[in-house]
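Here are some exercises to work through with the model open beside you. Try each task on your own before you read its solution.

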Amino acid sequence: QVQLVESGGGLVQPVGSLRLSCAASGSILSISGMGWFRQAPGKQREMITTISGGGSTDYADSVKGRFTISKDNAKNTVFLQMNSLKPEDTAVYYCNVNGLSTSGRPFASWGRGTQVTVSS
C-alpha cells in the first residue's frame, strides 16, 4: 500500500500565498507521476497541475503563472506553491501519486485532501 499525507492548507487572504506538501510512503518501487487536483463545493474534481518522473509539468489555464509544482524525489514528496490566490481558488486540494509498487503492480493513490480557503 501507498499512503499520502498532505499538509499546508488553511485560510489566506486574497493575493496571499500558501504552500502545500504531499509525502508518499509505503510500498513504492518507483513514481512515474505526481499531481494536484482540487474540488470546490458543487463542482467536479479538476486537475490543476502535474509533474512527471522526468520533471515535465503541466498546468490548468486557471492557475498558470500563479501556481508552481515541484518535487523532492529523495523524499517522495510533491509541493504546490500557490501565489496570488483568489477566492475562486477555494477548494479541497488533493494530491495524486502513481507509479509501481514493490510488488511490481502499478498504483495510483490519493491523499485525503486539505482545505484551502481564500477570503478576506
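**Exercise 1. Decide whether Cys22 and Cys95 are buried or exposed, then describe the link between them.**

Step 1. Both Cys22 and Cys95 are buried, where buried means under 20% relative accessible area, exposed over 50% and partly exposed in between, with a 1.4 Å probe and protein chains only. This is a predicted model, in which local features need pLDDT of at least 70, side-chain atom pairs count only at pLDDT 80 or more, and totals for chains, interfaces and linings use all residues. Residues are numbered from 1 along each chain as its sequence is written, and side-chain values use heavy atoms, leaving out hydrogens and water.

Step 2. A disulfide (a pair of cysteine sulfur atoms within 2.5 Å) joins Cys22 to Cys95, with an S to S distance of 1.9 Å. Searching the whole structure gives 1 disulfide.

Step 3. Cys22 belongs to strand β3 and Cys95 to strand β9, so the pair ties together parts 73 residues apart in sequence. Strands (E, at least two residues) and helices (H or I, at least four) are DSSP runs, numbered from the N terminus.

Step 4. The torsion about the S-S bond of Cys22 and Cys95 is about 45°, so the disulfide is right-handed.

**Exercise 2. Find which residues touch the most other members of the largest nonpolar core.**

Step 1. A nonpolar core is a set of buried Ala, Val, Leu, Ile, Met, Phe, Trp, Tyr and Cys residues joined through side-chain atoms within 4.5 Å.

Step 2. The largest one has 29 residues, and Trp36, Phe67, Leu80, Met82 and Tyr93 touch the most other members. Strands that each supply at least two residues of this core include β4 (28–39), β8 (77–82) and β9 (91–101).

Step 3. Look around Leu80: leaving aside neighbours within four places in sequence, its contacts (heavy atoms within 4.5 Å) include Trp36, Ile48, Phe67 and Tyr93.

**Exercise 3. Work out where Val15 and Ser84, each with a positive phi, are placed.**

Step 1. Val15, with phi near 70°, is in the loop between β2 (10–12) and β3. Val15 is exposed, at 69% relative accessible area.

Step 2. Ser84, with phi near 50°, is in the loop between β8 and β9. Ser84 is partly exposed, at 40% relative accessibility.

**Exercise 4. Summarise the chain as a whole.**

Step 1. The chain has 0 helices and 11 strands.

Step 2. Of its 120 residues, 40% count as buried.

Step 3. Along its principal axes, the C-alpha trace spans about 50 × 25 × 25 Å.
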